[in-house]
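User: Please take a close look at the aromatic side chains here, and at what surrounds them. I would like cut-offs along with the values.

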Amino acid sequence: MPYFKTIKKYPPPSSLLDIKSQKCGLRCTVFSVNGNEYTGEWSDNKKHGKGTQIWKKSGAFYDGEWKFGKRDGCGTYSELVPGETEYTRKYCGEWKNGKKHGYGTYFYSNSAVYEGEWSEDQRSGWGTMYYESGEIYEGEWKKDKSHGHGTTRLVNGNWHDGTWKDGMKNGNGKFYFADKGQLYEGVWVDGVAKCGSLSDFGRDEALTPTKYPIPQVQLADMQLVLREAQSAYLDQC
């Protein structure tokens, strides 16, 4: 019976050297050619696990979880203050595939902050935005704009509760004039109130109430008139 000798095929030395040099597990700081530096865990030559990245060009700093080379999980992203050596926190929360995704807080400035849900780097879902003016919006978001149901509270105590579309009031809503003690209920189109009813609401507690109460409407069927007027605008929302 003839004997056939099996010849084992080995990868070339260059491939073996590449395999041995693959970064895996916890490593010390690794510097990239462009000057970026990373300290943390690796898997199959990719950032994977917990680690810290510093970008040389922008001076940005990330400390948190990684998955297959991208920010994924919980982490904090900070930026270098111009002209200083200190960092200011910009985002703290959840990430997915390198983008803000899930629940997190973003600091636009010391007084402008968003806290809520994100989807692919955009405010999407339910969240609260604190503006520099002191105005507060709490409600639904879509593609970085208020969209759905939400409530806005102004600095003077007035507030609006209703539906939004592409960052503007659209659809049914209520606007409470706290200083006057009046309530407007009606329809908005692209941020403009189109039709509705105005009534006294909390007039006794208002700081500067109107001189006279709002008189009662003497229509036989006020709601029918409102429904007919609103239907023309609701079709536009």
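Analyst: **Aromatic rings and the core**

Tyr108 has 35% relative accessibility and therefore counts as partly exposed, where buried means under 20% relative accessible area, exposed over 50%, and partly exposed in between (1.4 Å probe, protein chains only). The model is predicted, so local features need pLDDT of at least 70 and side-chain atom pairs count only at pLDDT 80 or more, while totals for chains, interfaces and linings use all residues. Residues are numbered from 1 along each chain as its sequence is written, and side-chain values use heavy atoms, with hydrogens and water left out.

The structure contains 19 aromatic pairs. One of them joins Tyr38 and Trp42, whose ring centres are 5.1 Å apart with 85° between the planes, an edge-to-face arrangement. Rings of Phe, Tyr and Trp (its six-membered ring) pair if their centres lie within 6.5 Å; planes under 30 degrees apart are stacked, over 60 edge-to-face, and the rest tilted. Tyr38 is buried because its relative accessibility is 2%, and Trp42 is buried at 9%. Tyr106 and Tyr108 are also edge-to-face, since their centres lie 4.7 Å apart and their planes meet at 65°. In that pair Tyr106 is buried, at a relative accessible area of 18%, whereas Tyr108 is partly exposed.

Over the whole protein, 29% of the 237 residues count as buried. In soluble globular proteins, nonpolar side chains tend to be buried together. The largest nonpolar core has 16 residues, and Tyr77 and Tyr91 have the most contacts inside it. Such a core is a set of buried Ala, Val, Leu, Ile, Met, Phe, Trp, Tyr and Cys residues joined through side-chain atoms within 4.5 Å. Two or more of its residues come from each of strand 2 (37–43), strand 4 (61–67), strand 6 (87–96), strand 8 (113–119) and strand 10 (136–142); strands are DSSP runs of E, at least two residues, numbered from the N terminus.

Beyond its neighbours within four places in sequence, Tyr77 is in contact with residues including Trp55, Phe61, Tyr62, Tyr91 and Trp95.

Arg71 lies over the face of Tyr62, 5.7 Å from the ring centre, and Lys100 lies over the face of Tyr91 at 5.8 Å. The criterion is NZ of Lys or CZ of Arg within 6 Å of the ring centre and within 35 degrees of the ring normal.

Conventions. Helix = DSSP H or I, 4+ residues; strand = E, 2+ residues; numbered from the N terminus. Contact = heavy atoms within 4.5 Å.
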